Amino acid sequence: AGMTEDVALVEPPVGWMGFKKKPADIDALWAWLFENAGQCSHAILSVDTLVYGNIINSRTHHRPLEACMETLSRFTELKRKNPELSIHAFNLVARVAAYDSDAEDPDYWASYGRKIWRYACLTDKAERGEADEAERGECAALRREIPDGVLADFLARRAVDRAVNLACVDLVRDGVFDVLTVPKDDTAEYGYAALDQMAIAKRVRELRLPDRVLVYPGADEVGSVLFARVFNQIKNYRPRIYIRYSSVYGPFIVPRYEDRPLQEGIKAQITSLGGVVLDAPGDSDCMLAVNSPGKHMIESVEQYTKDLTFSTHLNLNELFRYMHYYHEEYGRPVGLAEVSVANGCENDCMELGLLTGTYDYLTAVGGWNTAQNTIGVVLAQLVIASYYNGFCGRPEQLRRSEEFMASRLASDWLYQSNVLHRYLAETAGTVDPYALGRHYRDAVEYFRHGLQALLDEKFTAGIRGRRPIVDTLQFQWDGIFYIRLHVRLEEVLRAEGTKEKTDTGE
C-alpha cells in the first residue's frame, strides 16, 4: 500500500490480533470493522481471523458450528449497512500438516500429526478406488494407532471448517462477498484438504460462481494478492504479465506443499489479482522470471547436497541474460521468483544476480516458504510497479519499493538460507525455535549482526548505490520462523580516492 499514490490502508490495532494459539479479540475486531467500514470503498477480510481468531485457531478451535454461523451472519449485516462496500474475503482450506509438531496445530499433533496426515491421504485414495492392497493395509494399521478421541476431535473441527467454507460460498451468491478467495495451505493431491476442495467445487458449480470463488494453493501471500487486485480495480488496470522459466520442466513441476503444476499455480495467482498471462513479451506490462527446480523441488536446507539436475535441467545464465534483455529492450519492470527450493532461496541463483548486476534494475524478488507464497508477493509488487511505469518521477514510492525488495533479499535469501541455517545448527537442543522465551534478545542480536555482516559482504557497492541497513528485526509469535524485517537503504556519498561515507557520517 505504501508503494501506491492514493490507496490508503486502514488496519485495526495489532494488539487485537492474538498471539499464535491465543485467538484474536474477535468482538473488538468486529466492532472496529463496523465503525470504519463506512469510510472505505473496499474491504479485504480474513474469515479465519473474524470467525476463529486467526489462521492457527482455525486448526485448533473448539467453536461449535452454531457460534461460527452466528459470527458469519455479521458479514451480511456489514454489507447491509454498507451496500457500496466491495468485500474481498478469504478463507483457507485448513491444512493437514505432514509432520509431528504441535507448534501451529493441536497439541496431539506432536505425537500423531504425520500419522493423521498419512491416514487422511490413504483414506481419500481408498475412497476414490485408487489405493492398492498394501496401502489399504497401512491405512487400517494407522487407524488402530490413532486414538479415537484424537481422530474424533480432528474430524469434528474439520466438519465445522468445511461448513464455514461452504457458507462463505453462499455469501458470494447472496451478494455479500464480491469475491471469495480460498487458498489451500500446505495442500496435496490426496487427503482432507483435497476432499474439502471437492466439496467447495461442487457448491461453486451448483451456484454458478466459478468467476467469483477462486480456489488455489497458497496462504501467506493472499493479503498482498488481494490488495493488488483491489488496486487494479480502483485503477481500472489489467496487467499483462509475461512469464519465463529457467527450466523447460519448470511449468510442469508440482512444488512441495502444493497440488498442481507450478504454471497452474502462477496462472491462478495472476487471475486472482486481475491480470492476464501474455505469451508475447513485447506486448506485456511486466515480466515474471521464475527459477524453477530442474526436476523436483527440495528444501533450502538441502541445497548443499542438491543433485545434478540443478545444473543439467535448467539454465540460470540464459534466464538472467533474458531478464537483462527484457529490461533493456522494453524498459518494463522485472520480478524474480526463486522457487527452486522451499523455505528460502537457492544461493547459486541469488549469487548470479549479484555477478550480473541484476539487483541494480530488478523491481521485485522473493524466495520464501512455498512457491505460491513467493510468487503472490512478487506479483503484487510487480504489477503495482508496472502501473506506475517503474515509479518514474515518484521518488517516495520508488524508495519504498526498493526498500521492500532489499528487505526480501535480506529475509528470503540471507536470513532463511544462510543465517537461519547456522543458528538452528548452533542452538539445536538448547533453544526452541518456536518459543524463544529468555533467548529472544540474544536471537535478535544474533540475526541482526549476521544479516548486516552478509549485506555488507554481498552488496559492497550497495543496492542501487545505497548501503542496506537492517532497520527493524522482530520475531512475531516469539519464534524465529515468524520474522518481521525491514531494510533501510541509506544514501552513500562517493568521492574518488576516498572511503565511502554515509549521510550519518559513519
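1. How many disulfides does the structure hold? The count is zero, where a disulfide is defined as a pair of cysteine sulfur atoms within 2.5 Å. Take C68: the closest cysteine sulfur, in C168, is 10 Å from its own sulfur, which is too far for a bond. C392 is in no disulfide either, as the nearest cysteine sulfur, that of C286, is 17 Å away. Is C68 buried or exposed? With 0% relative accessibility, C68 counts as buried, while C392, at 53%, counts as exposed. Here buried means under 20% relative accessible area, exposed means over 50%, and partly exposed is in between, using a 1.4 Å probe and protein chains only.

2. **What you are looking at.** Please keep in mind that this is a predicted model, in which local features need pLDDT of at least 70 and side-chain atom pairs count only at pLDDT 80 or more, while totals for chains, interfaces and linings use all residues. Residues are numbered from 1 along each chain as its sequence is written, and side-chain values use heavy atoms, with hydrogens and water left out.

3. **The largest nonpolar core.** A nonpolar core is a set of buried Ala, Val, Leu, Ile, Met, Phe, Trp, Tyr and Cys residues joined through side-chain atoms within 4.5 Å. The largest one has 47 residues, and M323, L409, F447 and F475 have the most contacts inside it. Several helices and strands give two or more residues to this core, including β7 (286-291), α12 (316-330), α15 (395-426) and α16 (440-458). Helices (H or I, at least four residues) and strands (E, at least two) are DSSP runs, numbered from the N terminus. Which element gives the most to this core? That is α15, with 10 residues.

4. Leaving aside neighbours within four places in sequence, M323 is in contact (heavy atoms within 4.5 Å) with M287, A289, V334, L336, T358, Y361 and L362.

5. Rolling a probe the size of a water molecule over the atoms shows where empty space is left. On a 1 Å grid over the protein atoms alone, a cavity is a set of points where a 1.4 Å probe fits but cannot get out; a pocket is an open set with protein on both sides within 12 Å along at least five of seven lines; and lining residues have an atom within 4 Å of a point. Grid points are joined across faces, edges and corners, and a volume is the space filled by probe spheres set on the points.

6. D48, Y52, S58, N91, L92, A94, D161 and N165 line it. L92 is found in the loop between β2 (86-90) and α5, and is buried, with a relative accessible area of 9%. Not counting residues up to four places away in sequence, L92 touches D48, I55, N165, V182, P183, D185 and A219.

7. **The second largest pocket.** About 230 Å³ of space lies in the second largest pocket. Of the 16 residues that line this pocket, Y361, T363, G390, L398 and R464 are the closest to its centre. The lining divides into six nonpolar, six polar and four charged residues.

8. **Helix α5 and some positive phi values.** The buried residues of α5 (residues 109-127), W109, I116 and W117 among them, pack against α6 (133-145), α7 and α8 (192-207). After α5 comes G129, whose phi is positive, near 75°. Which phi value does Y257 have? Phi of Y257 is near 70°, a positive value in a residue other than glycine. Y257 lies in the loop between β5 (240-245) and α10 (262-272) and counts as partly exposed at 30% relative accessibility. Phi of N389 is also positive, near 55°, and N389 is found in the loop between α14 (371-387) and α15.

Terms used: Nonpolar A, V, L, I, M, F, W, Y, C, P; charged D, E, K, R; others polar.
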